[in-house]
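Subject: A structure for you to look at

Hello,

Here is the structure I promised to pass on. Please open it alongside this note, and then read on for what turned up.

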Amino acid sequence: MGKGGGCVPSKKKQPPVADNPPQPAPSTAAATATTPASAHSTNTTDENHAAKLKILIVFYSMYGHVEFLARRMKTGVDGVEGVEALLYRVPETLASEVLEQMKAPPKDPSIPEITAAELVGADGILFGFPTRYGSMAAQMKSFFDSTGQLWNEQKLAGKPAGFFVSTGTQGGGQETTAWTAITQLAHHGMLFVPVGYTFGAGMFKMDSIRGGSPYGAGVFAGDGSRQPSETELALAEHQGKYMATIVKRLAHA
């Protein structure tokens, strides 16, 4: 079993104006009712922010490896105009005493836990998790199991989604972990978006150990002490950017 883990205005039409209309004298009341320029600026900013497409980066990370990828993936998403990423972690299923014995570091409190209902508002979702015997960790599976009502109502049908993973060894499930997770998307009617070979030459580098596959970004955790390489992080950033462009294209289709 590999230790993976963590081992993201419309223009208003003006009413028609009659030829040579009478010009009323300005009044104090009218001037008072006029919206201040500063307030208009704030509202416009809020509208532009709200109009951004939203990609959720939902992950489970025990030792921090998947979380490293998730944060870099958010950088890629946020680099695409009109799209933003929000980071979420799935609920932990192990007791704190067990995690302490496993020497798992504490979770970052700034990243909130997600609920199944929050997936509905996403324009796209990237799921990250470590492997457990070649498939997703129980914590992520438990979260998918909590989406039963969404499946019953097909609330996630048509949403694009992708995966990124962490494994303990080079043969520990970089592809099978993502591949076996596709069944979750299929039952929800979601659209699987693999990164393929869009990373270009980086997918063919053989001069160093590198996680990741055409299914998505990946990192090798080893015994837990190995940190993600720059190539692994760059692939994660690329996947975030690639996913953002796909979500944007689908939204504007």
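Let me begin with a question: does Arg-226 count as buried, partly exposed or exposed, and what is its relative accessibility? Arg-226 counts as partly exposed, because its relative accessibility is 24%, and partly exposed covers what lies between under 20% for buried and over 50% for exposed. You will find Arg-226 in the loop between β7 (218–220) and α8. Its C-alpha is 8.7 Å from that of His-65 in space, although the two residues are 161 apart in sequence.

Before going further, please keep in mind that this is a predicted model.

The overall picture

The protein chain has 253 residues, and 42% of them are buried. Eight helices and seven strands make up its list of secondary structure elements. The accessible surface of the chain is about 13,600 Å², with carbon and sulfur atoms accounting for 58% of it.

Salt bridges

The count of salt bridges comes to 10. One of them pairs Arg-72 with Glu-230, where the closest N and O atoms are 2.6 Å apart. Arg-72 belongs to helix α3 (residues 65–78) and Glu-230 to helix α8 (residues 230–251), so this pair ties together parts that are 158 residues apart in sequence. Arg-72 itself is partly exposed, at a relative accessible area of 21%.

Another salt bridge joins Glu-92 and Lys-107, with 3.1 Å between the closest N and O atoms. This pair links distant parts of the chain, 15 residues apart: Glu-92 sits in the loop between β2 (83–89) and α4, while Lys-107 sits in the loop between α4 and β3. Both ends are partly exposed: Glu-92 has 23% relative accessibility, and Lys-107 has a relative accessible area of 29%.

Lys-141 is partly exposed, with a relative accessible area of 33%. There is also a network to look for: Glu-67, Arg-71, Arg-89 and Asp-108 are joined into one by salt bridges that share partners.

A strand residue and its distant neighbour in sequence

Arg-132 lies in strand β3. With a relative accessibility of 16%, Arg-132 counts as buried, because the cut-off for buried is under 20%. From Arg-132 to Thr-177 the C-alpha distance is 8.1 Å, and the two are 45 residues apart in sequence.

Two backbone angles to check

Most residues other than glycine have a negative phi. Against that background, which value does phi take in Tyr-133? It is near 55 degrees, a positive value in a residue other than glycine. Tyr-133 is in the loop between β3 and β4 (135–136), and at 68% relative accessibility it counts as exposed.

Gln-154 also has a positive phi, near 50 degrees, and is not a glycine either. Its place is the loop between α6 (148–153) and β5 (160–167). Gln-154 counts as partly exposed, at 35% relative accessibility.

A nonpolar patch on the surface

Leu-94, Val-98 and Met-102 form a nonpolar patch on the surface, and together they have about 190 Å² of accessible area. Of these residues, Met-102 is located in the loop between α4 (96–101) and β3 (124–132). Met-102 is partly exposed, with 33% relative accessibility.

The largest pocket

How many residues line the largest pocket? The lining has 14 residues, and those nearest the centre are Gln-170, Met-206, Arg-210, Gly-212 and Phe-220. By type, the lining divides into six nonpolar, five polar and three charged residues. The space in this pocket is about 230 Å³.

I hope this helps you find your way around. Enjoy looking through it!

Best wishes

Conventions: Residues numbered from 1 in each chain as written. Predicted model: local features only at pLDDT ≥ 70, side-chain atom pairs only at ≥ 80, totals over all residues. Heavy atoms only, no water. Patch = residues over 30% accessible without salt bridge, like charges linked within 9 Å, V, L, I, M, F, W, Y side chains within 5 Å. Areas by Shrake-Rupley, 256 points an atom, 1.4 Å probe, with all protein chains shown as cover. Salt bridge = Lys/Arg side-chain N within 4 Å of Asp/Glu carboxyl O. Helix = DSSP H or I, 4+ residues; strand = E, 2+ residues; numbered from the N terminus. Buried < 20%, exposed > 50% of the residue type's maximum accessible area, 1.4 Å probe, protein only. 1 Å grid on protein atoms, 1.4 Å probe; cavity = no way out; pocket = protein on both sides within 12 Å on 5 of 7 lines; lining within 4 Å. Points joined across faces, edges and corners; volume = space filled by probe spheres on them. Nonpolar A, V, L, I, M, F, W, Y, C, P; charged D, E, K, R; others polar.
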